[in-house]
Amino acid sequence: MSAPPTPLRPSSWTVRVREAAVEALPPERLLPDGQPTYVASWIYVFGVASIASLIVIVTSGSILALKGPAWWHYTGVGHFFNSIHLWSVELFFFVMVVHLWGKYWMAAWRGGRTRVWVTGAITFLVAVPTALTGYVSQQNFDAQWISTQAKDAMNSVGVGSFFNLTNFGQMYSYHVLLLPVAVIALVIAHVLLVRRHGVVPPFELDAQRVSSRAPAPESPPAPPAPAGGQS
Amino acid sequence: MSRLGDLLKSKDDTQPWKGRYAHYDLVKEASIAVGVITLLAILLTVLLSSPDDKPSTIAQWSQQKPADFVTAAVKELDGASGTAEYGPPYNHNSTSVQHFLLLHPQRWLGVSHPIDTEKDFVVGPLETIPNDPALTAALAQYKAAPEKQKKEWAEAYAKPLEETATAEEEKKAPPNTVSESNGTVIVKTSGSAGPVPVMMARLLALAKSGGVDGSLLTSKQFFQTDYTKPLLFMADGGLLAERAEGQHLLGKQWGLMNETGSYPGQPWLWLYALWYQVEPMKSSPNADIQVLLIMSVLSLAFICVPLIPGVRSIPRRIPIYRLIWREHYRSLEAPPETS
């Protein structure tokens, strides 16, 4: 393999961004093929299950968006994809809540991972209005009732003056574009931070004891040590 | 570092991992997860489908509950309905304006979606009806009258309707002042209601034909997607609430979390819904802002868990982590292998 070419202008913005990105997340840390041996519990499944649910939500939502907001009311296929969308949302919140509780009991913010927790928590909080705008965009009785009741809470704090739950057009825009983009951006940031810092190690990890007792790392070789591993 | 900084900075002896690594296929795991979640969603879809109760319309409301429709309409005319008395963002009244201590955000943000219930919900739709001399005369009489007179007419017409509605709500025998005949509502008033009976009769007929649904959706442009006016008008009546109660959607029924039918709705709002069930929020006219402020503080605390002394230490003190990392701790406690 030939060596990467030397940048023509080492000081360019592009080169700086590229070098900073590679330094923060070299490919073997971005897509690792090995994990510390303590990553061995079913609780770890719920993080990737949250992302998987989000993928199903976005896919089913995109199919619904392709045909417009009324399609699912008068076709069986549309109703099928609406149901997929509903249940993937329910699954998303369920697995995300289990994931959050799991990470709480692991104190997964340790070792300089505060931002990992913060992005995860904000993702949950932004997902709530994303779902709410979906409920009020349904164009059925649920949408009528939820919008006319929830408006009082929005109005009480002044939010109703620029976020009108009874305005279908505005809510639909929030639901199919603005809030999903926010959730997806937060999830990407969250995952990149997880990859950068690695999975939080167990409590009371006596590094000296472990390294003296454990045999030498087997194949695959250990990825580069996560940055920010110490607070 | 300041004392606050010291307090926020947790004691953290977490070390980078220097132990063994095991094979792990990230892409394969993610692909399997997508497959499993897709299958689960399909299974739930096949077994349970999803709810889709048809929306109510003003036409249905006026056909099914004409007296309720007329009661709501005359209150819109009189300025005594929930929407008419609401306050910002719809008008400058104050019945539904909430505050917390010195915080008055609803008032501060002002009227952004102005609604004049008299004109928007009653007089405006009536003016779209052509070739009706009796209505034209009634409207002219109403518009020319002073405000005090308008109010007396509307109240005279509203009083028997409200007494009947109250009696029905309390399951008592209603007074014989309101009757329905051939789809019209006949109200016996004790004083003069002026042109109001003619206006209400025409508005009811227009509503039954779907005309009020249409007229409340008209705007400055051809295309429009804002259902604020028809939704608020319907919410001032009893049809939506009646349907909602039957579906366990009222606030006292934890309706925030529910959806029509036996579907799970938004169970993640359980904590938000909980505050409405406890005092002082349960009986407070400022319940919404109180609950939202509580949830804002709790949400901020949730985000800041790593920075909150005590809360961040609970996982270390309650050893659920021993269960999560049991394999790891077992390997540490096992005697070292001899080669």
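The exercises below concern a predicted model.

**Exercise 1. The make-up of chain A**

Task: Determine how many helices and strands chain A has, and in what pattern they follow one another.

Solution. 
Step 1. The secondary structure of chain A consists of nine helices and one strand.
Step 2. Along the sequence, these elements are arranged as α-α-β-α-α-α-α-α-α-α.
Step 3. Chain A has 231 residues, of which 45% are buried.
Step 4. Among contacts in chain A with a separation of 6 or more, 74% join residues 24 or more positions apart.

**Exercise 2. Two helices within chain A**

Task: Classify the relative direction of α5(A) and α6(A).

Solution. 
Step 1. Two packed helices are described by the angle between their axes and the distance between the axes.
Step 2. Helix α5 of chain A covers residues 76-105 and helix α6 of chain A covers residues 114-135; their packing angle is about 155°, and their axes are 11 Å apart.
Step 3. Angles over 145 degrees count as roughly antiparallel. Therefore α5(A) and α6(A) are roughly antiparallel to each other.
Step 4. The crossing in which α5(A) passes α6(A) is left-handed.
Step 5. From α5(A), the residues A:V89, A:M96, A:L100 and A:K103 take part, and they meet A:W117, A:G120, A:F124 and A:A131 of α6(A). By class, this contact of α5(A) with α6(A) comprises six nonpolar, one polar and one charged residues.

**Exercise 3. A helix pair across the two chains**

Task: Classify the relative direction of α5(A) and α2(B).

Solution. 
Step 1. Helix α2 of chain B spans residues 26-48, and α5(A) packs against α2(B) at an angle of about 120°, with the axes 8 Å apart.
Step 2. An angle of 65 to 115 degrees would count as roughly perpendicular, and one over 145 as roughly antiparallel. The pair α5(A) and α2(B) is therefore oblique.
Step 3. The crossing of α5(A) and α2(B) is right-handed.
Step 4. On the side of α5(A), the contact is made by A:F80, A:S83, A:I84, A:W87, A:S88 and A:L91, and on the side of α2(B) by B:I37, B:L40, B:A41, B:I42, B:L44 and B:T45.
Step 5. The contact of α5(A) with α2(B) has nine nonpolar and three polar residues, and no charged ones.

**Exercise 4. A hairpin in chain B**

Task: Describe the pairing of β2(B) with β3(B) and the two faces of β3(B).

Solution. 
Step 1. Strands β2 (residues 178-181) and β3 of chain B pair in the antiparallel sense over four bridges. One bridge partner of B:S179 in β3(B) is B:I186.
Step 2. Two residues lie between β2(B) and β3(B) in this hairpin, and B:N182 in the turn has a positive phi of about 50°.
Step 3. In a regular strand the side chains alternate between the two faces of the sheet.
Step 4. In β3(B) (residues 184-187), B:V185 and B:V187 form the covered face, whereas B:T184 and B:I186 form the uncovered one.

Note on methods: Residues are numbered from 1 along each chain as its sequence is written. Chains are lettered from A and ligands numbered from 1 in the order in which they are written. This is a predicted model: local features need pLDDT of at least 70, side-chain atom pairs count only at pLDDT 80 or more; totals for chains, interfaces and linings use all residues. Axes are lines fitted to C-alpha atoms, for helices over the stretch in contact, and angles run from 0 to 180 degrees between N-to-C directions. Angles under 35 degrees count as roughly parallel, over 145 as roughly antiparallel, 65 to 115 as roughly perpendicular and the rest as oblique. A crossing is left-handed if the near helix is turned anticlockwise from the far one by less than a right angle, and right-handed if clockwise. Two residues are in contact if their C-beta atoms, placed from the backbone, lie within 7 Å. Ala, Val, Leu, Ile, Met, Phe, Trp, Tyr, Cys and Pro count as nonpolar, Asp, Glu, Lys and Arg as charged, and the others, Gly among them, as polar. A residue is buried if 20 or more other C-beta atoms lie within 10 Å of its own, exposed if 12 or fewer, and partly exposed in between; C-beta atoms are placed from the backbone. Two strands pair if DSSP finds at least two bridges between them.
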